[in-house]
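I set down here what I looked up in this structure, entry by entry. The model comes first.

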Amino acid sequence: MLVSGKEILQEAKRGKYAVGAFNVNNMEILQAIVEAAEEVNSPVIIQASQGGLKYAGLEYIAEMGKLAAAQAKVPVALNLDHGTDFSQVVRCIRHGFSAVMIDGSQMSFEENIAITKKVVEVAHPNNVSVEAELGKISGVEDDVVVAEHDALMTDPDEAAEFVERTNCDALAIAIGTAHGVYKGEPKLDFQRLNEISSRIDTPLVLHGASGVSDDAIQKAISYGIVKINIDTDLRIAFSNAVKEVLKNHPDEIDPRKILGPAKSALKDAVKAKMELFGSVGRA
Ligand code: G3H
Ligand code: ZN
């Protein structure tokens, strides 16, 4: 069933586990994620990034996402990931998204507050929850690029003021993760995370969580992270399976036989994340 992001995250906060937010770009990926959630009885967030919307089309993602959610017994939220402009947020709400992220992290603190408040004003009356971002997460997420030297950790005082003034439902924070494939081992600033979560009640979101060690993920959850964004690890699972099929069967021309195994590999990857995040059996 389709539910708001807020509903899923508040429940997760209460239960002290995290919910995976997985990026969707096509039907196979969407089905794999929702089937995984159903099979392990976990709530789930499906989301589309700027690149995903450009690739599949906002309407396609919205209709497919709503269908998948309606057919599922587990709670499913449909989220706009890294929304950067107000009119796109409004289009997503009109098309039935149950959650939106407005990423004003490239703006000044005051501008970020202003755009987030504006989004909250249109989203909340429609029972759509809002995730905002404070601090800059480095790396490349489709069209959103942040150089390492521009990345900025979230300041706990600013985080407290930000949630107070915006009334957002979730806050993405920068504590040392990055989008895309890591070159070295990422070092998370747990002290900062601890300080932020002790100051605010708003559910906290970890972006750039692919490639982060299982130990670090579990520690982050114990320190208050309740939404974990995963895209890169799913891309790797999907494309490795495609490569494997084509290596073993170079003459294969049936897309179903190429994408079918990729779908199951992605489904296994999602289930493993759900297990790690502690959301299994929580639907
Ligand atoms: O918003 C999506 C996630 O932050 C993607 O992070 O590249 O580590 O999978 P990832
Ligand atoms: Zn992200």
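The entries below cover the ligand, one tyrosine and a helix pair.

**Conventions.** I worked from a predicted model, in which local features need pLDDT of at least 70, side-chain atom pairs count only at pLDDT 80 or more, and totals for chains, interfaces and linings use all residues. Residues are numbered from 1 along each chain as its sequence is written, chains are lettered from A and ligands numbered from 1 in the order in which they are written, and side-chain values use heavy atoms, with hydrogens and water left out.

**Entry 1: ligand 1.** I looked up the shell of ligand 1 and found 15 residues around the ligand, with D81, G208, S210, D231 and T232 the closest; a residue is near if one of its heavy atoms lies within 4 Å. By class the shell has 3 nonpolar, 9 polar and 3 charged residues. In this classification Ala, Val, Leu, Ile, Met, Phe, Trp, Tyr, Cys and Pro are nonpolar, Asp, Glu, Lys and Arg are charged, and the others, Gly among them, are polar. Strand 3 (76-83), strand 9 (178-179) and strand 11 (225-230) each contribute at least two shell residues; strands are DSSP runs (E, at least two residues) and helices likewise (H or I, at least four), numbered from the N terminus.

I then listed polar contacts, which to a ligand are pairs of N or O atoms within 3.5 Å. A polar side-chain atom of S210 is 2.6 Å from an oxygen atom of ligand 1, and one of N229 is 3.0 Å from an oxygen atom of the ligand. A polar backbone atom of A209 lies 3.3 Å from a ligand oxygen. The protein buries 98% of the 300 Å² that ligand 1 exposes when taken alone, by the Shrake-Rupley method with a 1.4 Å probe.

**Entry 2: Y182.** Where does Y182 lie? I placed Y182 in the loop between strand 9 and helix 8 (190-199). Beyond neighbours within four places in sequence, Y182 is in contact (heavy atoms within 4.5 Å) with T177, G208, S210, G211 and V212. A polar side-chain atom of Y182 lies 2.6 Å from the backbone oxygen of G208, and a polar side-chain atom of Y182 lies 2.7 Å from the backbone nitrogen of A178.

**Entry 3: helices 6 and 7.** I noted that the axes of helix 6 (residues 109-123) and helix 7 (residues 156-166) come within 9 Å and cross at roughly 35 degrees; axes are lines fitted to C-alpha atoms over the stretch in contact, with angles from 0 to 180 degrees between N-to-C directions. F109, E110, N112, I113, T116, K117 and V120 of helix 6 meet E158, E161, F162, R165 and T166 of helix 7. I count this contact by class as 4 nonpolar, 3 polar and 5 charged residues.

How values were computed. A polar contact is a pair of N or O atoms within 3.5 Å; within protein, one must be able to donate a hydrogen and the other to accept it, and residues adjacent in sequence count only if both atoms are side-chain atoms.
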